Amino acid sequence: MENAPIVVVGSGMAGITVIREFRKLDQNTPVVLITEDDGCHYSKPMISNALMAGKRPGDLVLSTKEALVDQMHVVIHANTRAEHIMPDAHLLGTSKGYMPYRKLILALGATPLRLPLQGEGVHNVLSVNNLIDYVRWTGKLTPGQDIAIIGAGLVGCEFACDLAATGHHVRVFDIAPQPLYHLLPPQAADFFRKKLAAGISFSLGCRIIRIDQDGDAYTLVDDIGSTHRAHLVLSAVGLVPSTGLARDAGLATRCGIIADRTLRTSDPDIFTLGDCAEVEGMVLPYVMPIMQAARSIAASLASIPPVPGAPLYPAMPIVVKTPACPAVVCLPPLGKGGDWHETATPEGFRAIFEDDSGRMSGFALVGDAVQEKQELLPKIPAWL
Ligand SMILES: Cc1cc2nc3c(=O)[nH]c(=O)nc-3n(C[C@H](O)[C@H](O)[C@H](O)COP(=O)(O)OP(=O)(O)OC[C@H]3O[C@@H](n4cnc5c(N)ncnc54)[C@H](O)[C@@H]3O)c2cc1C
């Protein structure tokens, strides 16, 4: 296997970043990238702000496949599906044949969760989790439409702001009583909702159960029988990590592909990162964990020993790109006992999470309080 390349599966942010980081340390070892996509590199976080920024889908492409080959000294097999892994033989089976590997990196991302809704309109509900989805979505947008977004999480709220700012009438539905339910404590969330409500309607604590076709539009029905009409429906209710390839190969999976703090899966020659990975019990579908994990994997691939005591995941703020009310959140570690303490600021809210020993271990800032991020960040302990 010594002459076999390092093989990376997936050309999203995780796959591309791990190759970039590795190339900073090693310019010679052959690297092959296998991807179902066309092999271009685009900015996924920009998708939910693109309309406001006047960007068309093509403007989100950061590098073409040819530019990546050139910059990263990598062989790219685009439009190629990884179909099975034979860990003992160090072979990856793809839609275009077998590929030997010395180390394999699974950066497979996730797929949008589909709610079990009724009604013939359900088949036309769209989700946007990649550039192709976004091309399809923007192809259906026309000025002044009524748009229903199911899911008031980060992605749902960002799309809502983008659509509202560009002349659409947006209503956001969520079964949770507040937007950003997994990110903000209640008072900060209430402030956030009120700010966004200047241009966006919210139906919170509301479970959509059925979507019917209604001429050129849709009727959404909730569980108390209220109806809501929309020309387009966007589902933003979360993601399911892509674990099938790993599971079928006998690798350990749970919510995601299970990895330890070195990002190794249950097979020491196979690493994972990004939206498909469950690292020490955590699935973190955000940019910063990808950057951290990519650097760590790159160092392992280049046989650089880890710095003793260096965290894999330091405090990692999540920036919510909602210009109507900016928000930044640094969540406390999963399962950490403690309480949020929320304080109003002149035009926002500051929420500090204190653990059971009274130590600050997370924060959520909305409105003008976001400017406190740099001051608070160094005080937050690492996650892992
Ligand atoms: C609209 C939007 C806005 C966001 N904004 C933010 C933000 O502001 N801040 C933040 O921190 N995070 C944000 N995120 C999340 C962040 O963008 C993602 O966590 C990140 O892009 C995931 O990258 P990934 O490489 O793990 O997955 P993906 O981008 O999904 O890439 C997966 C890759 O794997 C390939 N693949 C999968 N299966 C196979 C197979 N069997 N064979 C070959 N190839 C395969 C796919 O084709 C794809 O190339 C946002 C997400 C969305 C959708």
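These legends walk through a set of views of one protein chain, and the model behind them is predicted.

**Figure 1. The whole chain, before we zoom in.**
Start with the overall picture: the protein chain has eight helices and 26 strands. Along its principal axes, the C-alpha trace spans about 60 × 55 × 35 Å. How does the radius of gyration compare with that of a compact globule? For 384 residues a compact globule would come out near 21 Å, and this chain has 22 Å, so the two agree. Of those 384 residues, 51% count as buried. Look at the contacts between residues with a separation of 6 or more, and you'll find that 60% of them link residues 24 or more positions apart. The accessible surface comes to about 17,300 Å², with 53% of it belonging to carbon and sulfur atoms. As for charge, there are 32 positive and 39 negative side chains, and the centres of the two sets lie 3 Å apart.

**Figure 2. Met 46 and Ser 48, two residues in one loop.**
Met 46 is found in the loop between strand E3 (41-42) and E4, and Ser 48 is also in the loop between E3 and E4. Met 46 has a relative accessible area of 28%, so it is partly exposed. Ser 48 has 6% relative accessibility, so it counts as buried because the cut-off for that label is under 20%. Setting aside residues up to four places away in sequence, Met 46 touches Lys 55 and Leu 60. For a sense of scale, Ser 48 and Leu 60 are twelve residues apart in sequence and 11 Å apart in space, C-alpha to C-alpha. Met 46 and Arg 264 are 218 residues apart along the chain, with 30 Å between their C-alpha atoms.

**Figure 3. Ser 63, a buried residue in a strand.**
Ser 63 lies in strand E4, which covers residues 61-63. Is it buried or exposed? With a relative accessible area of 8%, Ser 63 is buried. If you skip residues up to four places away in sequence, what touches Ser 63? You'll see Arg 20, Cys 40, His 41, Leu 68 and Gln 71.

**Figure 4. His 90, in a loop between two strands.**
His 90 sits in the loop between strand E6 (82-86) and strand E7 (91-94). Its relative accessible area is 13%, so His 90 is buried. Find a polar atom of the His 90 side chain, and the backbone oxygen of Pro 87 is 3.1 Å from it. Beyond its neighbours within four places in sequence, His 90 is in contact with Met 1, Met 99, Pro 100, Tyr 101, Arg 102 and Asp 269.

Most residues other than glycine have a negative phi. Leu 180 isn't a glycine, yet its phi is positive, at about 50 degrees. Leu 263 has a positive phi too, near 70 degrees. Where do you find them? Leu 180 lies in the loop between strand E12 (169-174) and helix H5 (186-196), while Leu 263 lies in the loop between strand E19 (257-259) and strand E20 (270-272). Leu 180 counts as buried at 1% relative accessibility, and Leu 263 is buried with a relative accessible area of 0%.

Leu 331 has its place in the loop between strand E23 (327-330) and strand E24 (338-345). Ile 380 is in the segment after helix H8 (373-376), and its 7% relative accessibility makes it buried. Leu 331 and Ile 318 are 13 residues apart along the chain, and their C-alpha atoms are separated by 8.4 Å. Ile 380 and Phe 363 are 17 residues apart in sequence, and 8.4 Å apart C-alpha to C-alpha.

Conventions:
Residues are numbered from 1 along each chain as its sequence is written. This is a predicted model: local features need pLDDT of at least 70, side-chain atom pairs count only at pLDDT 80 or more; totals for chains, interfaces and linings use all residues. Side-chain values use heavy atoms; hydrogens and water are left out. Helices (H or I, at least four residues) and strands (E, at least two) are DSSP runs, numbered from the N terminus. The radius of gyration is taken over C-alpha atoms; the globule rule is 2.2 Å times the number of residues to the power 0.38. Buried means under 20% relative accessible area, exposed over 50%, partly exposed in between (1.4 Å probe, protein chains only). Contact means heavy atoms within 4.5 Å. Accessible areas come from the Shrake-Rupley method with a 1.4 Å probe; for residues, only the protein chains shown count as cover. Lys and Arg count as positive and Asp and Glu as negative; His and the chain ends are not counted. The place of a charge is taken as NZ of Lys, CZ of Arg, CG of Asp or CD of Glu. A polar contact is a pair of N or O atoms within 3.5 Å; within protein, one must be able to donate a hydrogen and the other to accept it, and residues adjacent in sequence count only if both atoms are side-chain atoms.
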